[in-house]
Amino acid sequence: MTDSAKSAAGFDPSAFEGILGKLGHGGHLGMRYRAHGPGWVEMELPYSERLVGDAESGIIASGPIISLMDNATSLSVWTAIGEFRPQVTLDLRVDYMRPATPGKAVIGRGECYKVTRSMAFVRGIAHDGDPDDPVAHVAGTFIRVDNFLG
């Protein structure tokens with residue numbers, strides 16, 4: 001990873017929330033920034049009946065949770081390297097441990113634990129209030145897209 005001074009000064013995911021909350025899939029789902037530190041970011045997916053996959057149970061569908069974790073881990077990469085760089089999700093494995101509790105927000109914490117010249121490796125958990133009782137674990141990789149913006 002880059003040195004901590006660059007990371008601390010370079011990319012602030014809390015400032016990115018204005019874009020995330022208004023545009024794209026994250027904005028449509030209602031995702032919000034919660035917290036961050038060196039190489040990690042926490043996002044929140046508020047409970048909404050629009051996100052329920054089974055009306056009878058009230059359980060949030062898997063798709064919004066995958067989107068939450070893709071956003072949290074992606075932001076963790078930019079936090080780790082200290083800057084925004086175009087990247088794409090190469091792989092994101094999601095292991096569901098249990099359904100999210102109906103009526104509760106889901107919190108996603110993504111961590112970037114290794115960066116190479118062109119790849120970033122991430123992991124994280126989604127939970128609905130107790131990190132020791134996760135809804136899902138994720139592991140993935142992002143790849144840098146050189147010259148994406150010209």
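**Salt bridges across the whole model.** A search of the whole structure turns up 9 salt bridges, each defined as a side-chain nitrogen of Lys or Arg within 4 Å of a carboxyl oxygen of Asp or Glu. Please keep in mind that this is a predicted model, in which local features need pLDDT of at least 70 and side-chain atom pairs count only at pLDDT 80 or more, while totals for chains, interfaces and linings use all residues. Residues are numbered from 1 along each chain as its sequence is written, and side-chain values use heavy atoms, with hydrogens and water left out.

**View 1. Glutamate 44 pairs with arginine 34.** Here the two side chains meet in a salt bridge with an N to O distance of 3.3 Å. Glutamate 44 belongs to strand β2 (residues 40–45) and arginine 34 to strand β1 (residues 32–37), so the pair ties together parts that are 10 residues apart in sequence. Strands (E, at least two residues) and helices (H or I, at least four) are DSSP runs, numbered from the N terminus. Glutamate 44 is buried, at a relative accessible area of 14%, whereas arginine 34 is partly exposed at 39%. For these words, buried means under 20% relative accessible area, exposed means over 50%, and partly exposed lies in between (1.4 Å probe, protein chains only).

**View 2. Glutamate 111 pairs with arginine 123.** The side chains of glutamate 111 and arginine 123 come together in a salt bridge, 3.1 Å from N to O. This pair links distant parts of the chain, with glutamate 111 in strand β6 (residues 106–115) and arginine 123 in strand β7 (residues 119–127), 12 residues apart. Glutamate 111 is partly exposed, with a relative accessible area of 31%. Arginine 123 also counts as partly exposed, at 38% relative accessibility.

**View 3. Glutamate 83 in its loop.** Look for glutamate 83 in the loop between α4 (62–81) and β5 (87–96). Its side chain and that of arginine 85 form a salt bridge (3.9 Å, N to O).
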